[in-house]
Amino acid sequence: MSLYPILWAAEHAPVRDAEERAILSALVLKGDFDGSNCYRSYPTLARIARIDPKTAGSKCRAMEKRGILRRQTGPKPEGWKKLPKDKKPVVWEVMIPAEFWSPIQLEEINAQRQERGRVPITQENRPALPEAPPKAARSDKGKPRPERRKKRERGDSQSPRSNESGGTHSPLAGGLTVPSRGDSQSPNPPIEPSDITSSPLPPTDALASPESQAQTREEEGDFLNLQPQPQPTGADAPHGGRRAAAEELVLSLPWREGGPTASQLKSLTVLVDAAWSAGWSSEALRQELVADLGGVRSLYGVWASRLKELPAPRPAQKARPALPPRCGDARHDSYVPLDRNLYGDEGPRPCPVCHPTAIAKAQESLR
């Protein structure tokens with residue numbers, strides 16, 4: 001992969017639309033420095049460009065007719081040779097014009113192509129590409145469409161304006177009269193604060209009573225119950241959420257490009273849920289699945305086999321007991337050897353004089 005083909009595909013290639021741009025960029029992203037050895041399946045290109053796989057194939061063939069792509073006839077890449085016969089996609093060579101590179105860059109690229117047995121790039125075999133054909137115009141553009149609803153006219157455009165701000169001479173509907181602002185006909189007197197409260201205040205002694213405090217705690221508890229609580233995930237999630245958590249774990253595995261199919265995702269999700277029921281945690285299960293994947297051709301087959309043959313989960317190790325303090329007496333500097341599983345090779349040992357029962361208690365805790 002090189003930066004020059006990516007820049008050409010993203011900015012300078014004479015593509016017709018955004019779908020061709022996305023497909024061309026996805027091809028050169030997996031190709032060589034000169035645009036050779038570009039191969040990706042149509043489903044993968046369709047997933048990147050958000051189109052149908054058949055549309056991805058037609059877009060590639062359209063760019064082939066215009067000279068942007070060419071089927072590579074020379075030696076194929078090693079990764080392509082390892083694919084199954086029914087999974088080998090077309091190997092494309094992106095026809096980047098020779099004028100795109102500077103003379104120094106073109107000299108370096110041709111030197112590398114000569115080492116790989118490829119023909120050097122020249123103005124004759126890599127001429128400038130024609131501009132992309134314009135997109136077809138809509139057949140109904142500019143034609144009247146009476147079936148569409150006409151826009152409603154806003155306001156009364158025939159009403160004459162008056163000299164006063166914000167007024168017109170239009171007659172009012174139904175003989176209504178509008179009083180001037182500030183002239184209120186309401187007989188209500190001005191609002192004054194009322195002497196009667198909506199609910200009487202509790203006495204001061206009642207606020208400190210045990211009954212009121214218990215009611216306050218009950219109300220606070222009801223309020224806290226309304227707050228959103230964190231939901232458990234993974235093996236601790238409820239039955240309805242365990243399937244989504246298992247699917248998330250399966251999708252987080254290091255799949256190759258394309259990801260799992262719908263049937264593979266469903267099968268592995270059921271096996272992950274069964275492993276959780278057997279006592280496996282999500283982290284331990286993931287470590288068991290991603291270990292030693294070098295040279296594996298079928299990731300789904302390996303993971304399905306490992307999930308079906310999982311041993312019993314390893315029990316959690318007991319914590320080591322705390323070391324007793326050292327007495328500091330010079331006569332008690334001799335420490336007796338203990339079991340290495342108890343305190344390890346490093347660290348002080350209990351003094352047999354100051355702590356005669358420490359060794360027996362520590363050894364008993366490991367049984």
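At 41% relative accessibility, arginine 70 sits in the partly exposed class of this predicted model. Its salt-bridge partner is glutamate 93, with the closest N and O atoms 2.8 Å apart.

In one, the side chains of arginine 66 and glutamate 20 meet at 2.7 Å, N to O. Arginine 66 lies in the loop between helix H4 (53–65) and strand S2 (69–71), while glutamate 20 is part of helix H2 (residues 18–29), so this pair ties together parts that are 46 residues apart in sequence. Glutamate 20 is buried, at a relative accessible area of 2%.

Another salt bridge brings together the side chains of aspartate 34 and arginine 118 (3.0 Å, N to O). Here the two ends are 84 residues apart: aspartate 34 is in the loop between H2 and strand S1 (38–39), and arginine 118 in the loop between helix H6 (103–115) and helix H7 (204–207). Aspartate 34 is buried, with a relative accessible area of 0%. Through shared partners, salt bridges join Asp32, Asp34, Arg113 and Arg118 into one network.

The largest pocket comes in at about 1200 Å³. Its lining takes in 29 residues, with Leu83, Lys87, Arg256, Glu257 and Arg297 closest to the centre. Helix H3 (42–49) and helix H12 (299–308) are the elements that give two or more residues to this lining, and H3 gives the most, with 3 residues. The lining of the largest pocket splits into 10 nonpolar, 9 polar and 10 charged residues.

Out on the surface, Leu3, Tyr4 and Leu7 form a nonpolar patch, with about 270 Å² of accessible area together. Tyrosine 4 is found in helix H1 (residues 3–12) and is partly exposed, with a relative accessible area of 33%.

Technical notes: Residues are numbered from 1 along each chain as its sequence is written. This is a predicted model: local features need pLDDT of at least 70, side-chain atom pairs count only at pLDDT 80 or more; totals for chains, interfaces and linings use all residues. Side-chain values use heavy atoms; hydrogens and water are left out. On a 1 Å grid over the protein atoms alone, a cavity is a set of points where a 1.4 Å probe fits but cannot get out, and a pocket is an open set with protein on both sides within 12 Å along at least five of seven lines; lining residues have an atom within 4 Å of a point. Grid points are joined across faces, edges and corners, and a volume is the space filled by probe spheres set on the points. Helices (H or I, at least four residues) and strands (E, at least two) are DSSP runs, numbered from the N terminus. Ala, Val, Leu, Ile, Met, Phe, Trp, Tyr, Cys and Pro count as nonpolar, Asp, Glu, Lys and Arg as charged, and the others, Gly among them, as polar. Patches are made of residues with over 30% relative accessible area and no salt bridge: like charges are joined within 9 Å, nonpolar side chains (Val, Leu, Ile, Met, Phe, Trp, Tyr) within 5 Å. Accessible areas come from the Shrake-Rupley method with a 1.4 Å probe; for residues, only the protein chains shown count as cover. A salt bridge is a side-chain nitrogen of Lys or Arg within 4 Å of a carboxyl oxygen of Asp or Glu. Buried means under 20% relative accessible area, exposed over 50%, partly exposed in between (1.4 Å probe, protein chains only).
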